[in-house]
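Hi,

Here is the structure I promised to pass on. Have a look at it first, and my notes follow below.

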Amino acid sequence: MSETRETVFVVDDDSGVRDSLELLVRSVGLEVETYPSALDFLEAYNPKRPGCLVLDVRMPGMSGLDLQRELASRHSILPIIFITAHADVPMAVEAVKAGAADFVQKPFRDQDLIDKIQHAIEFNAQIRKEAADRSEIMSRIESLTPRERQVMDRVVEGKANKAIAHALELSRRTVEIHRARVMEKMQATSVAQLVQMVMSTEYQPPDSR
Amino acid sequence: MQGDQTAGWLSDYRAEELIEAAPVGIILTDAKKHCLYANRHWYRLTGLTLDSSSDDGWLNSLHPDDRARILCWAPPTTEAKEFSEELHFESDGTVNIVATRVLPLIDEVRGISGYLCAVTDVTRERETEQALRTLTHDLRERVKELNCLFGLSHIVEHSGGSLARILRDTTRLLVASWEHSDVACARVEMGGLEFETDNFIDTRWRQRADILVHGKPSGSVEVGYLEERPEQDEGPFQTEERKLIDAVAERLGRVTERLRAEQRVNEREQELRERLTHLTRVSVMGEMASGIAHEVSQPLTAVSTYAQACRRLLGADMTDKTLILDVLDRISKEALRAGEVLHRLKDLIRKRESERVICDIGELFRGIENLAEIDGRLHDIRVLFELDDALAEAAVDEIQIQQVILNLIRNGIDATEEGDPQNRDVIVRATHVDNDIRISVTDHGCGIPQDADYQLFQPFYTTKESGIGMGLSISRSIVTAHGGRMWFTRNLEGGTTFYFTIPIEASEDHVGD
């Protein structure tokens, strides 16, 4: 299957519920894959595939909550929409606290579920885009020479060229050249944008003293 | 020398005087048994006179049977042999009984020439013997009466509370207790029930006593003779038999009063027990409710989702009619599934009178497997059924036995929840052991406290927050009423196994009556 097309993954032990969900999701033109148990899903799980997970809370063997925990431990970013029975609302609350995107209560209105699915897919796409952006910026940062990085760290700290030259014991001219190289490599048009880019990543400047 | 002396003394008497004075009666007859001579003692013993005794006169005062026998006296002619007779003389209405030694007198020429008889009085002995016989007979009759009343107690005790059985057995007992039991018949009639011996007819000779229940005539006891028998105190019956029949009627009246009172208590008890049984069943169902609700909501969710998907497909102008038809089929299948769960639940909750019919135990299990699995699934517990192939049939109240099994499974699930063991299986087994079907439910849960053995089956004993504590108590009384027993063991590897048995044959005993 494609790694780029969004897919709704349905995990439910009840064949009727599973089958009807598949039909519903397909009726709005989304890709859907169904699994009768959490373990079956884990076996086929590929973190690179986008979409969302529609998950029954209560299942024999590995429950929906167990699967949520397992995915979290694998740093999955796949959003989870839990399906719960009336009596299981406390479980749903727990699931949402643990990071689930949302939950619907059985029996649900189709539009509710579809809205939630679509929202989750968009959210996932956004997360994925942000993640992609972050990794792009990281690779730009990694393309800088150590000297350029020293200059960038200080620019981001808001230091003027003169202060940077003094701190690094360089000439102002040299600092200016490095600074221009940084802006070019980072594809930043302004210092403000550069700051924002660096802040969006987990990049930690080495101790600047 | 001695002979001389004897002859000397004898010479002082005439032979005739000696015979006259002898302390035995003596009579000498000719061959035709005509009296030739009789001594004084003879007349005293027989009560005859010289006149009435002469010739064959003495024969006429003999009892006809004795006379006939005497006329036939014909011992061997060559050798005289003594023999004995007991003779009955009747004169002036008194009977004298005499024991007689008879010595035939032999004449070489003519054969028997006569008879010499010596008689002694045995009237007193015979009278005493007769009195003893009468006494023995009377005693035997009294013993029969005692036996009769004792027999009645025995019948009541072993009747199992069935009045019909008591009345039926009483007729047989009565016949055996009357003097002329060979011609006796009996009938007992009570509040619409009527029992009589096979030979019963309305005869002229009968005795009857009313049975009073709470002072009101409610039936009767009758004993009759099919043939005439000698007159006694009340027709052919004795005073004692009158007393006996009255005593029997009175006993039957009291037994009836007691049985009716017991029956009322039993009916009330039965009614209460059934209500309690139902309540407990509903309570077990209540404990299973969330599992059942979940199980019903699954197909309902599927139905509603299918329907909404259909709507979308149709709205999007999907022309694939086959798909829509297929989805509609799936909708009805799911709806039926939901209905089935509810139907089974309704069966179990319905209030009903207990009834036992022959049923297939395997089939009985199939009725609850699904509910039990649902209940288990909700708690992430597997309920496994390991049943012998071809389980026998037994006469049981199906719903009640299902209730017992579900109750044990429910307890197993709760114990598993409580103990939270690695092994989350609850295993239900059914197997044949001798003439029983033995059913067991094993869990690996928290187990039963050591000090709870006694209380466990007591009413209102519970360790659950929501339980009413009747489950095991009712379960055991259901099993006991089916002729089985219930017990439990603690598993070596933890948890508990509950067992109960259903007799395959004996349970039929409880159907009738």
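Strand β6 of chain B (residues 184-190) is largely enclosed by the rest of the structure, because six of its seven residues are buried. Buried here means 20 or more other C-beta atoms within 10 Å of the residue's own, exposed means 12 or fewer, and partly exposed lies in between, with C-beta atoms placed from the backbone. Strands are DSSP runs of E, at least two residues long, numbered from the N terminus.

This is a predicted model, in which local features need pLDDT of at least 70 and side-chain atom pairs count only at pLDDT 80 or more, while totals for chains, interfaces and linings use all residues. Residues are numbered from 1 along each chain as its sequence is written, and chains are lettered from A and ligands numbered from 1 in the order in which they are written.

Back to β6(B): seven bridges pair it antiparallel with strand β9 of chain B (residues 216-225); pairing requires at least two DSSP bridges. In that pairing, B:A186 is opposite B:V223. β6(B) also runs antiparallel to β7 of chain B (residues 193-196), joined by four bridges, and there B:V188 faces B:F195. Two residues separate the strands of this hairpin, and B:G191 has a positive phi near 40 degrees.

Over in chain A, A:V32 belongs to strand β2 (residues 31-35). A:V32 is partly exposed because 19 other C-beta atoms lie within 10 Å. A:V10 is 22 residues away from A:V32 in sequence, yet their C-alpha atoms are 7.2 Å apart.

Happy browsing!
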